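Please keep the sequence and the model in view while reading.

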Amino acid sequence: MLRFVGRRVLLLAFTLAVASVLIFAITNVLPGDVARIILGPFAPQDAVTRLNAELGADRPVVVRYAEWLAGVAQGDWGRSYAFSTAVFPLVLERLGRSLLLAGSGLAVLVPLAIASGVAAARREGGLFDRVLSTVSLAVGALPEFVTGVFLILVFGIWLAVLPIQALPPDGAGPLTVAAHLVLPVGCLVLLLFAYLFRMTRASMIEALAADYTRTATLKGLPPRTVVWRHVLRNALLPTVTVIGAQIGWLVGGLVVVETLFKYPGIGSLIHFAATNKDIPLLVGCSLAITFVFALGNLAADVLYAVLNPRVRHGRNAH
Amino acid sequence: MAETLIDGRRGPRRRRFAPARGTIPLAIGLAMVLVWVATAIGAPWLAPYPPAEIDFLAISQPPSALHWFGTDQLGRDMASRVMHGGTYVLTIAPAATLLGLVLGAAIGLVTAWFGSWVDEVVMRVLDAVMAFPIVILAMLALTFLGAGTGNVILVIGLVFAPLIARTVRAAALVEARKEYIQAAQLRGEGSLYIMAVELLPNVRGPLIVEGTVRLGYAVFTSATLGFLGLGVQPPTPDWGLMVSENQALLTTAPWTVLFPALGIAWVVVAIGLAADGLKEYLEP
Amino acid sequence: MTAPLLELDNVTISYQRRRDLVDAVRNVSLVVQPGEAYGLVGESGCGKSTLAMAVLRYLPRNGLLTSGHVLFEGRDLFTMTAPELRRIRGDRIAMVYQNPGSALNPTIRVGAQVAEVYRHHRGLAHRAATEAALDMLRKVRISEPDRVAALYPYQLSGGMQQRVVIAMALASDPALLVLDEPTTALDATVQADILDLFQDLRGELKASILFISHNLAVVQQVCDRIGVMYAGELIEQGTIREVFQRPRHPYTAALFDCIPDFGVRKKDRRLAGIAGGVPDLADLGTGCLYEPRCLISRTVCRVDHPELMRAGTRHLSRCFFHMETPLPGSAAPLAGVAQSPENGRSDRLPLLSLNKVGRRFGKAHILDEIDLEIAPGETFGLVGESGSGKSTLAKVIAGLVPPSTGTVALNNERVAGTASRRTRRQRRDVQMVFQTPDATLNPKKRLASILGRAVRVLAGLTGRRKRDRSSALLADVQLPPKMMTATPDRLSGGQRQRVAIARAFAGDPKLVILDEPTSALDVSVQASILNLLLDLQRESEVAYLFISHDLAVVRYLSDRIGVMYLGEIVEIGPAERVFRPPFHPYTQSLIAAVPRLGTEKPARPVSLDVAPSGPADRPSGCPFHTRCPRAYDPCRTEAPPWRDAGEGYMIRCWIALDALEASQTAALRTRRKPDPVRVGPRP
């Protein structure tokens, strides 16, 4: 188990290294220099040169990367142009809010999708299965701003039962906070539900058809025991890895959902940074998101190992 | 399942007309997409108004006989804009998917066939690239490359390539271990021959299925990039862009958001339906 | 007259295929008495497994009982409610499956999986159930039950997994035990141990047995009565003694003829295959289902469908002319083949010679210093259990896996480690036929293209000459020309192997490596493939390296034989010498493990109850010492010497040859006294 986690952490470090190179490369090596992007196409050339020198963008790439990485490691993520403030604390603050949103989303999504997947698989081809499969197919493929728009129109405007902005007024009680979160969380859940549901359903169907399930059934165990004790754990294995990958979609979804519902999280921040060419902020947000995403994947891997004795005990145990 | 399995007595369901599995959703999905392809191509002749024509006398009007989908805050006819608005998504998505498929198939075949360190290195790097949420990666790249149709195609294609490569690699690995590949090696066939002639035809099924699924996500991603202002730029009529431009009017003129959103929903659902049908058809 | 324990009354089971109902089992009636062991045999697709599942009322979704009754202790299983059924399953009727690896739940410790039966059916508490499970594991001869119970299935060898499954089945002391091919997925030595376990348990337990198998010899060893199935029908039934001494259905008799008796050689006689194939179940005529393949059929057989009729006191046969059924062996007066040029062997240059060939994967020594020579036109047989490295050796010779050390030479000329680096001539000379009919041909190509490519690359022919050569190859393997345009999915397993053989012969090879070419096929098909190989060899003087786990087949076909264990050749010599004492202790256990046809019970297996060490943790000294019943000190530390027993017969063992010979000859003589064939209680 320890060896497995160790390997995964190493892999995580490698992933982050590649990610940092990628972020750095995109922001520093792509055609078009940084100062030109910041100052715009009509700025005089000497201003561009001066800013480039100020930013250190005229020195060798490797040196800049090393310096940049050292700074990142020490929490010096540069200053945002637009906010005129240090990037690191700003990103951290926004990240916290986003985690609340994302966490609520996952808390609703995972049990819901798994329960529906299991129920649908147990009655494969039944009414529940067919309706849910069709609906999830339709809804799950919709971009979140489209579902978001529909949700706002129906619940926020025509029925007028829910607030359409995610951020509650200052000093609001927990109930109000929750009410403000319903639509954006619903939007995230709709985005992710289909994939997770279908994955659970598929692996559940596979596990139900497996030889060990036949063994359990022919032992005379009641269907409840067969499903809970023998099928579910095996069926959840592929699902768990999918949850890991889903976190990526969740983060992407945050950008849109936060923008649509005007929620000051990291998603709307990175969108702001991108549209306003605030490069240090953009890089900071990307770093933070990548880190959280990689951690999420690590968590999924560890959970997978906990469920799977084969991974837990290492491959060579005999 | 456990319940029905004990029941060998239940009579069979007999169907008189049984077309091949999946053909019906496939046909419906294709038809639904073709409607919009036709509309986008024919928009210059079909649309009642030029999409960018501003009419200050008809600002933010609700749907009427004159303006079927209403007008926006500049008085532009929403129906005309929605009819034109599919063009970009319907160009970008297939082009980007094709790019991703070609790249992904090549990477997948090479890693699966050569294995060992080539596979290890390429897959680790792809894993790391995939560790970025797609939208973030696309956003970063487009900020620096500059928005525009070509760049959007390039970025989505590049982002999809690792995902497709993974599917192709998994399928090709299974095939590469089979004995007919060893027979080819015994004849001394070159790597290119084995990849192109022996392996590729046998991973075609998963490749096509993955392609249609990716096509759906390409529509999804390009619309989202449009919404985020990273795709085509105003005043070009684009569904995603229209939703974001008119977002502020949600409470006062909801039709300006509703119809472009419906357009996206239509196309995405249609492709999803077709992909599902195709999967059923190819992998019964 | 006691009431039967299990009674199948006119059972028909059908599968829904598209719009049709196809009968997989047709009007089968049979009875299993309390305490009786009933064996059901037949080739793949004959419906025996479907029938086994029907006994537990566990049919796939598209399967249904269209007529008849399945009565267990007088009660109809198919009218029971779900709770009633659950009280019977796992308690009164228990099952052992073909693939123990997948039958056990991968995420639950095996002890808990056995204990579950006690908890559920006996209502034992956690503690008591665990204790009971340990007892049961001990009963199936697992030596350290405490340790094993805490393991997960993947940590056990196949034989141990099957013991756990058996423990699970016996836990509730069932009245009926259904065994569905319980030893098919296991190595021969493990199979022998498991069969031995069944025989012992039969003495201890009262359970009746329904034993499903494709292997007549295995059924003979365990059962009292036997039923033979063909195309979904029961075509013959009787006591083991009756059926094995005097089969009364032409199909059963032909099946016996397909199996090479242990000891029969290619020079003695040809194997008799069964011409044709199993009929399409969706399109059956009115006559006898076996008629198209039958050697004694007459006009009436084509028109009328025979019912089961009495052919002896307790013997039934579904044949109008069962009294005329040819005796096995009598219908095969086909002459054998002359021995390959064995006599002149020593003075001819070897075709292939391996010098100290080794292969490592990481730390694991898959092959260790193999020396081997194969003469032109010779058939060399290679035997050994799974994991012995025989397939890796084949791949090294073929150039699919480069050796880590040592050299491979063809015609005294060293060749490169990988096929792509060899010359075209060298590639042409060494070709291979693989094990899996499903994977051996590219499913997306037509036969014309598969054979055409091989002819073009290996024989260097193009255009019209390429096509002519391809057609000639297809004809050589006795396939009709119209198959040229077919894709592999249209072909049966045997036909695919024929195409694979044709492909290997495209460039007139000097050596064809046959890696278990018939192990995925039914015996009737195996016989015809072996005959084909012999014919091709006679015409082309090709040498064969024949790899198999089936000692009888290897002995039948080979001129010389090598025995492999954990990457080493431990014994090598002429075929007629290798299986006579003295032999290597490992060979002794392999031979004892072969289930043999005949009225005599086989020797008790030399139990190799210690799981073989993997190649990763190869024991020092003689690799076999961990399982060898006769190992002594030097075996554990030093590699054993080669001992020459004459006639080119070499054994690698520390024990002196005369000592080996004396004990082994004695062992053969004091073979356990043949038990009287046990007969079930008379009705």
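## Domains of chain A

In this predicted model, the domain assignment of chain A gives two parts, with domain 1 covering residues 2–73 and domain 2 covering residues 90–317. The C-alpha centres of domain 1 of chain A and domain 2 of chain A are 32 Å apart, and the contact between them draws 14 residues from domain 1 of chain A and 15 residues from domain 2 of chain A.

On the domain 1 side of this contact, the elements that give two or more residues are α1 (2–28) and α2 (34–39) of chain A, and of these α1(A) gives the most, with ten residues. Sorted by class, that side of domain 1 of chain A, where it touches domain 2 of chain A, has ten nonpolar, two polar and two charged residues.

## Transmembrane annotation

An unreviewed UniProt entry lists five spans of chain A under "transmembrane region", namely residues 99–119, 131–158, 178–197, 235–261 and 281–307. In the model, residues 99–119 of chain A are 100% helix and 0% strand, with end C-alpha atoms 30 Å apart. Residues 131–158 of chain A are 89% helix and 0% strand, and the end C-alpha atoms of this span lie 26 Å apart.

## Confidence in chain A

The mean pLDDT of chain A is 83, and 94% of its residues reach 70 or more. Within chain A, confidence is lowest in α2(A), where the mean is 70, and highest in helix α9 (residues 211–218) of chain A, at 93.

For chain C, an unreviewed UniProt entry lists residues 6–256 and 352–591 under "domain: ABC transporter". Residues 6–256 of chain C are 40% helix and 28% strand, with end C-alpha atoms 28 Å apart, while residues 352–591 of chain C are 38% helix and 25% strand, with end C-alpha atoms that also lie 28 Å apart.

Between the two chains, 23 residues of chain C are in contact with 20 residues of chain A. The elements that give two or more residues to the chain C side are α2 (82–88), α3 (100–103) and α4 (110–121) of chain C, with α4(C) giving the most, at four residues. By class, the side of chain C that touches chain A has ten nonpolar, eight polar and five charged residues.

Conventions: Residues are numbered from 1 along each chain as its sequence is written. Chains are lettered from A and ligands numbered from 1 in the order in which they are written. This is a predicted model: local features need pLDDT of at least 70, side-chain atom pairs count only at pLDDT 80 or more; totals for chains, interfaces and linings use all residues. UniProt positions are given in the numbering used here, feature names are shortened, and annotations may be inferred rather than shown by experiment. Domain bounds come from an automatic or database domain assignment. Two residues are in contact if their C-beta atoms, placed from the backbone, lie within 7 Å. Ala, Val, Leu, Ile, Met, Phe, Trp, Tyr, Cys and Pro count as nonpolar, Asp, Glu, Lys and Arg as charged, and the others, Gly among them, as polar. pLDDT is the predictor's confidence in each residue, from 0 to 100.
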